[in-house]
Amino acid sequence: MSLAFHTDAGHHLGTDTIVGTLAIYSTRDAEFNKKYPDGRSRLTNRDFADMLSTQIVDDIRAKEQPNWTQRELWDKRYSEATYATIPSALLELLSHQNLGDMISGNDPEFRFVVARAIYKSMLKFLATYHEVPYIVQPLPVDAFSANLDSGKAQLSWHPVDDPLEPTAKPKQYVVYTRIGNSGWDNGVLVDQPKYETPALDQGKIYSYKITAVNEGGESFPSNILSVCNNGSDTTVMVVDAFDRVSAPEVINQGNFTGFAGWLDEGVAWGNDLSTIGSQYNFNQLKPWIANDEPGHGASYQNRTAMLPLGNNFDHVYSHGVAIQAAGYNVVSCSRKALENGTVSLTGYPMVDVIFGEEKTTEKPGGVEKYTLFTPQMQKALTDYCSSPSARLFISGAYVGSDSFESEHRDVTAGEKNFVRNVLGYFGRTDHATASPLVKATTGSPLPVFDGKFGFNMEYRPDMYRVESPDAIEPADSTGTTILRYVANNKSAAVACDKGYRVVTLGFPFETITTPEQRAAVMKEILGYLRKK
């Protein structure tokens, strides 16, 4: 079979109207024959186009955009649909010229749903064509955790059923292992959603990712977790709470519309292959004239071939390397494992929560995702901090602004009180600095590198960029500012001592520029937290 994957043109004013999905087929070949060389009718092209369009639109409406438009099926002699001597169709997924379409089109989650829908339509068409059953590959697992017991890693996770596809149930799993910064092995096939590893070499960091498999294939991988048996009597639990991917911020002010990367560039899934630069023409009344005068939506080419990194779901490793260098053991879990109660923080002498670029993100249809301090996260951290022995380290670009500066939701008083009273700080402002350098305050427990170190605000293929770090300040007399941004002296980090201790950075720890700086900063933070 053959599929031509296109995007269409055409636009509407505003953001509400969606051009949507069109499928094209041809019931006649180049010589106007109505049959394939094998004698089958070319009406099967229509079957494929119909299955393709319907699967895509149904899945988009169910998972991403309830108002997605399904356009016509065209029987027209476009070359991609005409010249093939096998079942074929031409897909116009959406309009790349229409802002309403591209709000979804720039979202990595939308792209995943569409790609999976195309795969499923091909699978179902081929199964129908050849009169055989089909099974859809599983979705990625979640609620992943990685602990240590008797020198071995204990891994567990939860399978994920696909409500759109009853056949997409996992039957087995593959556990992949990486030692240090080496490559991944070929994996171990297991029957249950858990695995005990062989004994680990002391002092080495082991990383793991899980895929689900069935007769239909193998899922995308889970996030990556790491452990290290460092021979210490102290173990740090690292919580990977950065699972956000999203399109850039949308601005819609009269005829001034587009993607406002200066507010929020969004988060790519892995390295960003699609964005060539930031938009500069926001006048939706400006028409396309030529490729050199493209009108509304025109962008610079400042990111062509740069492949900057977004979320690679591998943040525990850089934290783990720094924790290992400080002399402690490392275990880890995903946000879902903590929030659903699979993992409890009770008993861990220190906890490191990675928020990265997590923040509340509004999806089409009004659905909100990726809030930092969900009720479940608040409960888990409040329960942990109920013990005077609790030691908590938090970092992220939106640790203050998601609760105190959020424009997309009504933040509850309870959430703000949690941040103030339990974590000991409040959000002063987002976009705290355009200069990625911080300095230690007088008496700070972080007097590293002559009191200064940097974090990443550049486009890099190996580290995501922080476009909007937060300024956070102590909520009361139990807290103190321990870092300030060099450019403007705004408060960049807060240490709080309420019997239990909390250190919070207003920028992601994993974006500190070099491994040496990360190791030094982590050593100072953990040393302060552990101090009697």
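The expected span of a helix is 1.5 Å times one less than its number of residues. Keep that rule handy for the first stop in this predicted model.

**Stop 1: helix 1.** Select residues 44-63, the 20 residues of helix 1. They should span 28 Å, and the end C-alpha atoms sit 28 Å apart, so the helix agrees with the rule. Now colour the buried positions: T44, N45, F48, A49, L52, S53, Q55, I56, V57, D59 and I60. Why look at the spacing along that list? In an α-helix there are 3.6 residues a turn, so residues three or four places apart point the same way.

**Stop 2: a nonpolar patch.** Switch to a surface view and pick F256, W262 and L263, which make a nonpolar surface patch of about 290 Å². Zoom in on L263, in the loop between strand 15 (256-259) and helix 5 (316-325). L263 has a relative accessible area of 33%, so it counts as partly exposed.

**Stop 3: F426.** Jump to strand 21 (residues 425-429), where you'll find F426. Is F426 buried or exposed? With a relative accessible area of 13%, F426 is buried. Show what surrounds it: setting aside neighbours within four places in sequence, F426 is in contact with F404, R420, A471, I472, E473, P474 and A475.

How values were computed:
Residues are numbered from 1 along each chain as its sequence is written. This is a predicted model: local features need pLDDT of at least 70, side-chain atom pairs count only at pLDDT 80 or more; totals for chains, interfaces and linings use all residues. Side-chain values use heavy atoms; hydrogens and water are left out. Patches are made of residues with over 30% relative accessible area and no salt bridge: like charges are joined within 9 Å, nonpolar side chains (Val, Leu, Ile, Met, Phe, Trp, Tyr) within 5 Å. Accessible areas come from the Shrake-Rupley method with a 1.4 Å probe; for residues, only the protein chains shown count as cover. A salt bridge is a side-chain nitrogen of Lys or Arg within 4 Å of a carboxyl oxygen of Asp or Glu. Helices (H or I, at least four residues) and strands (E, at least two) are DSSP runs, numbered from the N terminus. Buried means under 20% relative accessible area, exposed over 50%, partly exposed in between (1.4 Å probe, protein chains only). Contact means heavy atoms within 4.5 Å.
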